[in-house]
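Please look over the sequence and the 3D structure below. The paragraphs that follow go through them step by step.

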Amino acid sequence: MSILVVGSVAFDTLTTPSGSRAKVLGGAATHFSLAASFFTDVRVVGVVGTDFTAEHEAVMTKRGVDTAGIEHADGLSFHWTGSYEGSMGEAKTLGTDLNVFGAFDPKIPESYKNSDYLFLANIDPVLQLRVRKALPGVKMVAGDTMNYWINDHRANLLKVLAEEDILIINDGEARLLTGEHNLVTAAKKVMAMGPKSLVIKHGEYGATAFFSDRSFDDPNASTTLFRAPALPIESVVDPTGAGDSFAGGFYGYIASQPKLTPQVFRTALFYGGVMGSFAVEQFGTERLQNTTREEIDARFQLFREISHLDLDAA
Ligand code: AMP
């Protein structure tokens with residue numbers, strides 16, 4: 001099975017309590033692709049400038065990611081500058097140089113048209129919708145968004161939400177989207193906007209999935225919600241891309257399974273947490289570039305152990 005992801009491929013300049021890095025490879029589509037590549041075939045649609053070299057592209061192709069859909073335009077790549085302080089709960093955006101990303105018009109290669117799964121990373125909802133409409137045959141559509149689109153482009157965003165099977169956002173975004181502080185109330189309101197299922201990320205505290213009666217084909221799947229933990233990590237170096245890596249692990253696992261069941265959804269949340277936990281251990285995509293399948297499996301077991309309660313144990 002293959003996932004098509006559309007989103008930013010960028011250079012990030014980052015400052016965290018662990019230090020600084022200038023113009024490292026980043027972008028939502030990049031983090032997502034690397035994380036998902038451990039589970040399934042991934043194809044990227046994005047745009048980069050002349051500063052994006054063969055070496056940068058190789059970071060993705062080495063992981064088997066298909067980069068035929070990355071358009072090379074004249075100019076510089078999207079450049080995001082951000083910093084984190086203290087517990088690094090929230091990024092402070094210091095600069096957003098859109099460069100060639102400002103005129104991004106996603107072009108889907110013919111070879112991508114048979115993609116089974118679609119992930120709409122955080123970009124203009126108008127573009128998200130355009131890509132979704134260009135792929136009417138996909139099995140499943142998942143998406144992300146951010147405060148800017150929720151606040152200033154709401155009408156367009158609502159059109160995309162109506163098309164999504166799974167929306168993956170953080171708790172602040174769910175509250176902003178609905179005006180509800182209570183997470184359960186907010187989740188219900190979000191799902192009334194369209195998504196059949198909703199994953200709300202809680203940063204370093206894990207994620208909660210909310211289901212509707214449309215979430216699974218199985219009429220007996222009466223599950224309503226599930227919460228997965230996050231692994232407490234001793235050395236968090238850079239949280240950039242944690243959310244996209246979570247989404248990559250989560251959706252990559254779903255795409256690798258024959259059918260979406262409550263059990264697959266729950267397991268996927270764990271794999272999302274695993275990939276997010278690797279992402280934060282080094283700057284940019286460094287850690288995901290050097291992760292192995294064995295490390296992923298070992299950490300998945302650790303996730304199971306830290307959240308397992310056996311009432312029959314002595
Ligand atoms: P995350 O930390 O998972 O929310 O994602 C961070 C990534 O999103 C960084 O690598 C940035 O390059 C990228 N990013 C930051 N701002 C934007 C934006 N306005 N549009 C698209 N991507 C962005």
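In which strand does Lys23 lie? Lys23 is in strand β3, residues 19-26; strands (E, at least two residues) and helices (H or I, at least four) are DSSP runs numbered from the N terminus. The model is predicted, so local features need pLDDT of at least 70 and side-chain atom pairs pLDDT 80 or more, while totals for chains, interfaces and linings use all residues. Residues are numbered from 1 along each chain as its sequence is written, and side-chain values use heavy atoms, without hydrogens and water.

Most residues other than glycine have a negative phi. Lys23 is not a glycine, yet its phi is positive, about 45°. Met88, in the loop between β6 and β7 (92-97), also has a positive phi, near 60°. Lys23 counts as partly exposed, at 42% relative accessibility, whereas Met88 is buried at 12%. Buried means under 20% relative accessible area, exposed over 50% and partly exposed in between, with a 1.4 Å probe and protein chains only.

Now turn to the ligand. Of the 18 residues around it, Ser8, Asp12, Gly27, Gly241 and Asp244 come nearest; a residue counts as near if one of its heavy atoms lies within 4 Å. An N or O atom in the Ser8 side chain is 2.9 Å from a nitrogen atom of the ligand, and a backbone N or O atom of Gly241 is 2.8 Å from a ligand oxygen atom. Helix α8 (242-255) gives the most residues to the shell around the ligand, three.

How values were computed
A polar contact is a pair of N or O atoms within 3.5 Å; within protein, one must be able to donate a hydrogen and the other to accept it, and residues adjacent in sequence count only if both atoms are side-chain atoms.
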